[in-house]
Amino acid sequence: MDMKKFLKILVFIGFSTLIYANTNLFNKAIKLYENQKFEDALKVFSDLSKTYKNWQIFYNIGNCYYRLGDLPRAHLYYLKAKRLNPRDKNINYNISVVREMLKLEKREQGFIVRITEFFAERELKIIIIVLNFILVLSAFIWLNFRREFFFWLIPFSLIFFLFFGVIFYTKCEFEKPGKWGVLLESTSVLSGPSQTYKIIAEVPAGMDVEILEKEGDFVLMNLPTGQGWIEESKIAKVIK
């Protein structure tokens, strides 16, 4: 047998075995959850999440934390799942339930941000690639065959290409790694980056916060009530 072909077969077998093994682990975790063994299910899901950034895994981790009464971490993992599958009804419903139970204030968001949250990053990439292809193809056909339909298709595809390009750029900026976090416990907000500064507010566990900058062991947060500093150790990042 050709050595290259043999190596390809080995790689395929290895990859297939990996998928099969982890599918079995996922199904095992589901069974544990259905049997109300939430701590055991959480351990299996958490192990899977170290390898796979999958919305179903994050969603089920959130469910486990919810059943165990840890609402802040449930909120964290529902937000992780939402980032990968933003329009899923179950994810969005669970987020609304947890936020209501935690008595969190609603964060006001602009039109562009609401659009960015409607799409997953991978979806925007596909849309931009398709629009770019349509734009280039339309220009080619118009220049070579002078078909009127493609002449009008060029500006339309260009407008949508630019629009979704702005949305994609905004999403990348809005969802930078380390930019968003969830408070794992209630904490005091300080006016500066150390415990010597005065307390300016108290914030509840489970609140999602925007991280603006870091200094030492403290981070500057953008909260619904304004800006302030808290210890970084009290935050879990939505996107690491």
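Reply: In this predicted model, helix α7 (residues 121-145) and helix α8 (residues 148-174) pack with their axes 8 Å apart and at an angle of about 155°. An angle over 145 degrees counts as roughly antiparallel, and therefore α7 and α8 are roughly antiparallel to each other. The crossing in which α7 passes α8 is left-handed. Sorted by class, the residues of the contact of α7 with α8 are 19 nonpolar, four polar and four charged.

A residue of another helix may be considered next. T116 is found in helix α6, which covers residues 111-118. Is T116 buried or exposed? Its relative accessible area is 1%; buried means under 20%, so T116 counts as buried. Apart from neighbours within four places in sequence, T116 is in contact with I167, T170 and K171.

Helix α3 (residues 55-67) and α4 cross at roughly 165°, and their axes come within 8 Å. This angle makes α3 roughly antiparallel to α4. As with the pair described above, the crossing is described by its hand: α3 passes α4 in a left-handed crossing. On the side of α3, the contact is made by W55, F58, Y59, I61, G62, N63, Y65 and Y66. On the side of α4, the contact is made by L71, R73, A74, Y77, Y78, K80, A81 and L84. By class, the contact of α3 with α4 consists of twelve nonpolar, two polar and two charged residues.

The other partner is helix α5 (residues 89-102), which packs with α4 at an angle of about 150°, the axes being 10 Å apart. It follows that α4 and α5 are therefore roughly antiparallel to each other. The crossing of α4 and α5 is left-handed. From α4, the residues L71, P72, H75, Y78, L79, A81 and K82 take part. They meet I91, N92, N94, I95, V98, R99, M101 and L102 in α5. Ten nonpolar, three polar and two charged residues make up the contact of α4 with α5.

Leaving aside neighbours within four places in sequence, M221 is in contact with V209, E210, I211, L212, G226, Q227, G228, I230 and I235.

Finally, V219 has its place in strand β5 (residues 218-223). V219 is buried, with a relative accessible area of 1%. Not counting residues up to four places away in sequence, V219 touches I211, E213, K214, G228, W229, I230, E232 and I235. V219 and S194 are 25 residues apart along the chain, and a distance of 9.9 Å separates their C-alpha atoms.

Conventions. Residues numbered from 1 in each chain as written. Predicted model: local features only at pLDDT ≥ 70, side-chain atom pairs only at ≥ 80, totals over all residues. Heavy atoms only, no water. Contact = heavy atoms within 4.5 Å. Axes fitted to C-alpha atoms, helices over the stretch in contact; angles between N-to-C directions. Helix = DSSP H or I, 4+ residues; strand = E, 2+ residues; numbered from the N terminus. Parallel < 35°, antiparallel > 145°, perpendicular 65-115°, else oblique. Left-handed = near helix turned anticlockwise from the far one by under 90°. Nonpolar A, V, L, I, M, F, W, Y, C, P; charged D, E, K, R; others polar. Buried < 20%, exposed > 50% of the residue type's maximum accessible area, 1.4 Å probe, protein only.
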